[in-house]
Amino acid sequence: MLKDFFSKKKKYASIPSEKAKQDIPEGLMQKCEGCQKIYYRKEMNKNLQVCPNCDHHHQFSAEERITSLFDEGSFSEWDKDIISANPLGFPDYEDKLEKDRKKTNLNDAVVTGKGTINGFEVAVAIMDARFRMGSMGSVVGEKITRAIENARTASIPFIIFTASGGARMQEGVLSLMQMSKTSVAIDRFQSSGGLMISIMTNPTTGGVSASFASVGDYNFAEPGALIGFAGRRIIEQTIREKLPEDFQTAEFQLKHGQLDKVIPRHQMKETLTTILDIHSSRGKDN
Amino acid sequence: MKQALDFEKPVIDLRSKIDELKKLTKDSDIDLTSEITTLETRLEKLEKDIYGNLNPWDRVQIARHSDRPTTLDYIELLFTDFIEFYGDRLFGDDEAIVSGIAKYKGNPVTIVGHQRGKNTKDNITRNFGMPHPEGYRKALRHMKQANKFNRPIISFIDTKGAYPGKAAEERGQSEAIARNLIEMAGFKVPIVCIVIGEGGSGGALALGVGDHIHMLENSTYSVISPEGAAALLWKDSTKAKQAAESLKISSYDLKQLNVIDEIIPEPRGGAHRDVKLQASYIDQVLSDSLATLKQLNQEELLEQRWEKYKSMGEYIEIDANEE
């Protein structure tokens, strides 16, 4: 307007500060992936990323899992500084890793360490599906192997939360060999009397489902988690028929005798505590 | 005549030409001996050129050759008194896996292996060598017995992978494979694994946790098929040839990655060209392996197995203080 032209007052557009940007829109609200209802993210976080309406269990980061399970301040991380090499010289692999390191603030797809759950000391490995779909390469195999060995030498239980699309293709046969490597470690641990609890979360498929995820003394899963060896699409192509809606869900696996129990996230800490208590009381009074 | 692969067409053409000339010499008065000699020299050179420079994709073709010898072929040539046993005692029998007991140079052994078919009918019975959980559980049952009666285990690996089917999932394909891995890890008897064809991912590995792992020169061992990798990475399964190179699946690659112990040479052109000769090459490596492993007591055996697998993988440990 002409009036503005004469005005001495300069006009500025308001640009939110970096900090304000982080605080506002993205992530203020969250749409449930199950029922599509919209919630405040805060509310969803407080509810452990479980939808208050339909009970859908959303992806849970390793960090969130640690906070939800361990007694405050009790968790200490192991081997944080192991990162992937590119052993096959696979094209674009390093870029993909770097991108996911930035995105997740993790060095690879698993966090290992020890802490206490209602006072019971345990070693733990928590996979995080945000990093390369939780795929297992040399780093994941090495960190899990070390965590199991630590559990063995400290004579404490080993708990693993799996979340993985399977082997990490870019590390070729070396990623396949992580299945053997972790298996040898688990055999040493279990032969020495160690208690291993596996909790499969969404998704647990391929090489991870076909190795450590399935050989706990107890095998559990979170509700609705996708669990299976081969992918749905490959199976449909092979057998040329449509698979049932609930195929390869935790509930499907429970029905087929492949799981000990499906445990909702809200009951996880309590259930684990009970099991740890029963195991630690073993033989005390008799 | 064995079915020819694309890359060996020039060799096949030249060889049939030589055969023609030979026939001509024999059936008529024309003497072509000198021409034949020249061509045979050329053939020798051509064979050396072609078979001496196989790329990964060529080897994939050889590993998948329909005439490639299978587990049962080698069992017949390498062992005596083989008796095959069936069933997992839980669900059924899976003909994609064979297992049983035999003698190797007079000593008792347990043998397990994937079994492909040689023709369509046979392949349907064998489910193309792709096992269901009951196959792995049958193998496990026999391996446990080997452990109990202190017999070495010899495993032949030859599968595209575990069968990706509905029933296989319902009966716990994952658990069956995982269970085999962890049980094999703990057996107190020597385990020698030999990849004779395709070593396809978890389905191969389920018979593959051994003290020694050997590979036939042209066999492959991979986390995913080249076609599968190409489809996933580049959304284009026709780039399988490229994927075969990137994935590093040949015996030479695996030797370099410290995953396998020995590369067992193959007759020129592949194992199917001379099965007996191939069996004799396997025989040498297998007998050496068993002799070496026999010297270890149970504790040493398990310790060595742990050391072997512990060192698999490549990663970088960064110094946190430098960051």
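Chain A is built from 11 helices and 11 strands. The model is predicted, and the values given here are computed from it. Of the 286 residues in chain A, 52% count as buried. Among the contacts in chain A with a separation of 6 or more, 66% are between residues 24 or more positions apart. The accessible surface of chain A is about 14200 Å², and carbon and sulfur atoms supply 50% of that area.

The interior comes next. In soluble globular proteins, nonpolar side chains tend to be buried together. Here the largest nonpolar core has 120 residues. The residues with the most contacts inside this core are A:Ile144, A:Phe158, A:Ile159, A:Phe161, A:Phe212, A:Leu272 and B:Tyr221. Its largest share, 9 residues, comes from helix 7 of chain A, which covers residues 172-191. Another core, of 24 residues, lies apart from the largest one; its members include B:Tyr74, B:Ile75, B:Ile111 and B:Ile196.

Leaving aside neighbours within four places in sequence, B:Tyr221 is in contact with A:Val173, A:Leu176 and A:Met177, among others. Its contacts in chain B include B:Ile157, B:Val195, B:Gly199, B:Ala204 and B:Leu205. Also in contact with B:Tyr221 are B:Gly208, B:Met215, B:Ile249 and B:Leu254.

Two spans carry annotations from a record. In chain A, an unreviewed UniProt entry places the feature "zinc finger region: C4-type" at residues 32-54. Residues 38-292 of chain B are 46% helix and 19% strand, with end C-alpha atoms 47 Å apart.

The surface of chain A also has a nonpolar patch. A:Leu28, A:Met29, A:Ile38 and A:Tyr40 make this patch, which is about 410 Å². One of these residues, A:Tyr40, sits in strand 2 of chain A, residues 38-40.

The last stop is B:Ala291, in helix 13 of chain B, a helix of residues 275-294. Is B:Ala291 buried, partly exposed or exposed? B:Ala291 counts as partly exposed because its relative accessibility is 40%, and that class lies between the limits of under 20% for buried and over 50% for exposed. B:Ala291 and B:Pro190 are 101 residues apart in sequence, while their C-alpha atoms are 10.0 Å apart in space.

Key:
Residues are numbered from 1 along each chain as its sequence is written. Chains are lettered from A and ligands numbered from 1 in the order in which they are written. This is a predicted model: local features need pLDDT of at least 70, side-chain atom pairs count only at pLDDT 80 or more; totals for chains, interfaces and linings use all residues. Side-chain values use heavy atoms; hydrogens and water are left out. A nonpolar core is a set of buried Ala, Val, Leu, Ile, Met, Phe, Trp, Tyr and Cys residues joined through side-chain atoms within 4.5 Å. Buried means under 20% relative accessible area, exposed over 50%, partly exposed in between (1.4 Å probe, protein chains only). Helices (H or I, at least four residues) and strands (E, at least two) are DSSP runs, numbered from the N terminus. Contact means heavy atoms within 4.5 Å. UniProt positions are given in the numbering used here, feature names are shortened, and annotations may be inferred rather than shown by experiment. Patches are made of residues with over 30% relative accessible area and no salt bridge: like charges are joined within 9 Å, nonpolar side chains (Val, Leu, Ile, Met, Phe, Trp, Tyr) within 5 Å. Accessible areas come from the Shrake-Rupley method with a 1.4 Å probe; for residues, only the protein chains shown count as cover. A salt bridge is a side-chain nitrogen of Lys or Arg within 4 Å of a carboxyl oxygen of Asp or Glu.
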